[in-house]
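The sequence and structure come before the description.

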Amino acid sequence: MRGNGSFLRNPRIPFIGVGTASLLLISVDPYLRSTITGRDGDLYLPRPPLNKAITGFGIGRVVRSKNKNFNEGDIVINPFSPVAEYSIVPADFLRKIDPTTDIALPNYLSCLGVPGFTAWVAIEVLGNPKPGSNVFISAAAGGVGMFAGQLAKLKGCRVVGSTGSNDKVQLIKDEFGYDEGFNYHEESDFDVALAKYFPDGIDLYLDNVGGKLLDDVLNHVNKGAHIVISGMISQYNTIPAEREGVKNLMNMVGKDVKMQGFLCGSYLNQFGEFAQQMEKYIKEEKIKPKHKINQGIESFFESFVSLFSSSNLGKVIVQVAT
Ligand code: NAP
């Protein structure tokens, strides 16, 4: 990555294609783990080729362009931004950010980006819990979790989250309005923890982690409960043969439980509706984002590792330039 970064540091290299963009901000996301290892085939995106910069959701500034729709200085979102200070990018996937907007740029990678949209699909479209429902969300302090919890609270639910440190438990309660939370590193028995935090059972579980926690949730679901699976980060560093199995599926039969995985990309036809609702919530301060912005392209690797060590707080973003 460093090699690519220094090569691309020189914006005077000749270019063909639509234009050169300088990267300002890049999102750091768990799915990269699966794509880099290639362990899960093409489940998410194809494995990145060797000796090429990996890509992620980024925000850049156009330096030069041969495409009439883009001018020098335009700020654009690119879902396939190379992790490089400068890059030549095709125009196909670029979306301009309105220069008059008063929304801070990092929000386009969090509440108005993939994490916010994923949380919205999970809570508003798939889960759609009734007021008073008992909602459980894992990885509650992260990108998806923080917005999912806030959206569920706006729907009048009782919301409990699990996360990886006591500081994060405090954060989800103080800043995101979660009713309760627990640190899964300190709970030796998830069954006991879930019985304590859900005396009336779970109506909706937004699963971001998979593994043992998902298995134990199945013992605490109510009749007609819904389990919406966004991701399984606890399994991303394992090979498929060593992944934790789920044994308590019988509860799905006896309790009419629906379990459903999804990719936010399958709901892009609803992105406009999402963006409108989310922008309103942000302006009304009904949804509050929390960002961990690390400085410099060199911090990308450390930022990526932080997704797997509970050491981050909120949505992890790397600021490459201003
Ligand atoms: P994130 O929550 O900001 O970061 C990942 C978090 O996962 C970490 O901060 C860590 O928080 C937690 N974690 C790491 N290893 C864990 C483990 N072994 N057990 C339990 N928790 C662990 O990342 P995100 O982008 O919002 O993604 C959250 C989940 O949503 C991931 O599973 C991701 O793959 C998924 N996702 C799905 C879609 C979709 O379209 N379906 C889109 C985006 C993201 P703790 O401090 O809590 O450990």
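## Ligand shell and domains

Domain 1 (19-110 + 290-319) and domain 2 (114-265) each supply at least three residues to the shell around the ligand; these domain bounds come from an automatic or database domain assignment. The model is predicted, with pLDDT of at least 70 required for local features and 80 or more for side-chain atom pairs, while totals for chains, interfaces and linings use all residues. Residues are numbered from 1 along each chain as its sequence is written, and side-chain values use heavy atoms, leaving out hydrogens and water.

The shell holds 26 residues around the ligand, of which Val 144, Lys 168, Tyr 184, Cys 264 and Ser 310 come nearest; a residue is near when one of its heavy atoms lies within 4 Å. By class, 14 shell residues are nonpolar, eleven are polar and one is charged. Here Ala, Val, Leu, Ile, Met, Phe, Trp, Tyr, Cys and Pro count as nonpolar, Asp, Glu, Lys and Arg as charged, and the others, Gly among them, as polar.

## Backbone pairs and cover

For Phe 262, a backbone N or O atom lies 2.8 Å from a ligand nitrogen atom. On its own the ligand has 900 Å² of accessible area, and the protein covers 92% of this (Shrake-Rupley method, 1.4 Å probe). The elements giving two or more residues to the shell are α3 (114-127) and α4 (143-154); helices (H or I, at least four residues) and strands (E, at least two) are DSSP runs, numbered from the N terminus.

## Ser 230

Ser 230 sits in the loop between β10 (221-229) and α8 (250-254). Leaving aside residues up to four places away in sequence, Ser 230 touches Thr 118, Val 144, Leu 206, Asp 207, Asn 208 and Phe 262 (heavy atoms within 4.5 Å). With Asn 208, the link includes a side-chain to side-chain polar contact of 3.1 Å.

## Domain arrangement

The C-alpha centres of domain 1 and domain 2 are 27 Å apart. Across the boundary, 18 residues of domain 1 are in contact with 23 residues of domain 2.

Conventions: Polar contact = N/O pair within 3.5 Å; in protein donor to acceptor, adjacent residues only side chain to side chain.
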